[in-house]
Structure formats: C-alpha cells, structure tokens
Amino acid sequence: MRKMSLILAVLLLTLVLTGMAQRPAIELRLDGRLIDSESLAYEENGEVYIPARELCERLGAKVSWNRDEKQASVTLPGLELTAKPGDRYIVANGRYLFCPDGVKLKRNRLMAPASALAKAFGAGLDYDAATRVLSLTSGGLVIESAETYYDKDDLYWLSRIIEAESGVEPLDGKIAVGNVVLNRRDRDEFPDTVKGVIFDRRCGIQFSPAYSGSIYNTPRKESVIAAKLCLDGANVAGESLYFTPIRRAQTCWAARNRPVFGQIGKQMFFL
C-alpha cells in the first residue's frame with residue numbers, strides 16, 4: 001500500500017511538471033504585431049516580465065548598455081529611462097516605478113515588468129491570462145517628469161518620516177511606513193496632508209520622531225527612493241494604518257484594537 005502511494009505521488013508530480021513544461025509561452029504584441037520572437041516573456045507572481053530592448057526599440061527609443069554602471073539607458077524625445085538588474089524599480093524621467101521582484105537578466109536580456117515599462121512610455125496594456133497574450137498599444141504620452149509630478153512638501157516630509165521610523169529597515173520596510181502615512185492622508189479620520197499626518201496628535205502623538213526632532217534629519221538615498229516609490233503607487237502594506245516595532249507588537253494599542261496585516265522587516269503592521 002505504501003509503495004502504491006509512492007508510485008501515485010511520483011506519477012502526479014510527473015504530470016504536474018509535464019504540464020508546467022508544456023505551458024504555452026506568453027505572446028507579446030505591440031499594436032497587434034508580435035515583438036518577442038524568442039518567447040522570452042514570462043509570468044512571475046502575477047507580473048509579466050518582458051524583454052525591455054525589444055519593446056523600447058519598437059517604440060522608437062534608443063537603448064544602450066553602460067558597462068561601468070551595469071545598467072541599460074533608454075532615450076526617446078521626452079523620456080529618459082534607466083533599468084539595472086537587481087534593482088526593484090526602473091527610473092523614468094526621475095520617477096521611481098516599483099518592480100516588486102526586481103529587474104532581471106534572462107538569456108542575457110534585460111527583463112522588466114510590462115506594467116512599469118508601459119507606464120513609462122504611456123502605452124496601453126492588456127493581458128489575457130487565458131490565451132497568454134500580452135498586448136501593448138502605443139500612442140500615449142510618456143510619463144510626467146518627477147519635477148512636476150512629486151509634490152515637494154510631500155516628498156520632503158515622507159522621506160524624512162521613512163528615514164526616522166525605518167532607516168535601518170530593508171526597502172519593503174521603508175515602503176511600508178510610507179504606505180501607512182499615505183493611507184492615513186487618504187482617510188477622512190486623519191489629516192489630509194503628509195505633514196499633517198506626521199504631526200497629528202489629536203489622539204496623542206502618532207509619530208514620535210515628529211516631536212523628538214529626528215524628523216528633521218537628512219534622509220539617506222534609499223529613504224528618498226522609498227518615498228518616491230510610495231508616491232508612485234508602490235504598496236507592500238495594503239491598507240495598514242498603524243505599525244510598531246516587533247518588540248512592542250503584543251502590548252501596543254493597535255495590537256489590542258486593530259486587525260493584524262502582518263510583519264514587514266522588524267515591524268508589525270495593523271489595519
């Protein structure tokens with residue numbers, strides 16, 4: 001009986017692996033035309049990765065590889081874009097577009113999420129998971145520049161509270177703190193500006209760095225990047241409104257009164 005169960009398990013695993021191997025490639029099309037003849041596009045954690053050069057050059061952009069920086073540079077009238085393998089974002093006109101699983105190399109080709117590239121180029125995007133066809137449509141406006149898109153006050157205060165509350169945390173931990181601030185800003189029961197949220201004390205001090213003075217420390221580069229990612233829609237903390245260090249997670253007010261979202265880095269987040 002045990003031997004029969006083992007045989008069935010092996011057969012089932014074989015069928016699963018065979019099915020995965022036979023899964024059809026993703027077909028990448030721009031304005032109806034196939035642009036990924038090598039079938040490099042693939043899906044990972046709900047995001048479709050596509051070969052950046054093939055798309056960018058078909059959209060009329062010039063693509064170059066900087067050996068010293070180990071990154072790709074893309075230029076088009078009105079658009080300057082850089083992408084570096086291992087980074088969890090691409091930079092387009094100074095805007096930071098989140099790539100949760102990072103920019104990657106596959107068969108010596110730079111791969112980036114289709115959603116981020118489409119946003120940079122102002123391209124329409126539609127993915128049919130059933131037919132495994134990803135369709136991009138050109139003709140839109142390229143992404144607005146950072147200088148006009150990011151509100152200077154929001155960026156100033158958000159980068160500083162991220163530094164003060166999570167300066168030693170990994171990127172996800174920094175983004176999560178920024179998410180809490182922006183979630184509060186967008187809720188009626190909290191102030192409607194980033195600065196207002198940070199200095200809010202209607203129900204007691206909400207962010208201690210605002211009153212200890214550490215809010216005024218100059219943020220490091222990654223904290224500024226995290227703030228820009230948040231302002232461009234990056235979210236790892238869902239609708240969380242509260243957070244606390246793990247060491248206080250069992251005793252703080254939020255732990256007693258709010259649903260748990262989960263742990264990110266060394267902090268616990270609550271809805």
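Me: What rules apply to the numbering and the values?
Reply: Residues are numbered from 1 along each chain as its sequence is written, and side-chain values use heavy atoms, leaving out hydrogens and water. As the model is predicted, local features need pLDDT of at least 70 and side-chain atom pairs count only at pLDDT 80 or more, while totals for chains, interfaces and linings use all residues.

Me: In what order do the 3 strands of the open sheet stand?
Reply: Strands of a sheet pair through backbone hydrogen bonds, either parallel or antiparallel. Here the order is β14-β16-β15, with antiparallel pairing. Strands are DSSP runs of E, at least two residues, and helices are runs of H or I, at least four, numbered from the N terminus; two strands pair if DSSP finds at least two bridges between them.

Me: Why is one side of β14 and of β15 left without a neighbour in the sheet?
Reply: β14 (242–245) and β15 (260–264) each have a single partner strand, so they stand at the edges. β14 pairs with β16 (residues 267–270) over 4 bridges, and Y242 has F270 as its bridge partner in β16.

Me: Which residues of α3 are buried?
Reply: A114, A116, L117, A118, A120 and F121 are buried (under 20% relative accessible area, 1.4 Å probe, protein chains only). With 6 of its 8 residues buried, helix α3 (residues 114–121) is therefore largely enclosed by the rest of the structure.

Me: Which residues does L55 contact beyond its neighbours within four places in sequence?
Reply: L55 is in contact (heavy atoms within 4.5 Å) with L30, I35, I50, L117 and L136.

Technical notes. Buried < 20%, exposed > 50% of the residue type's maximum accessible area, 1.4 Å probe, protein only.
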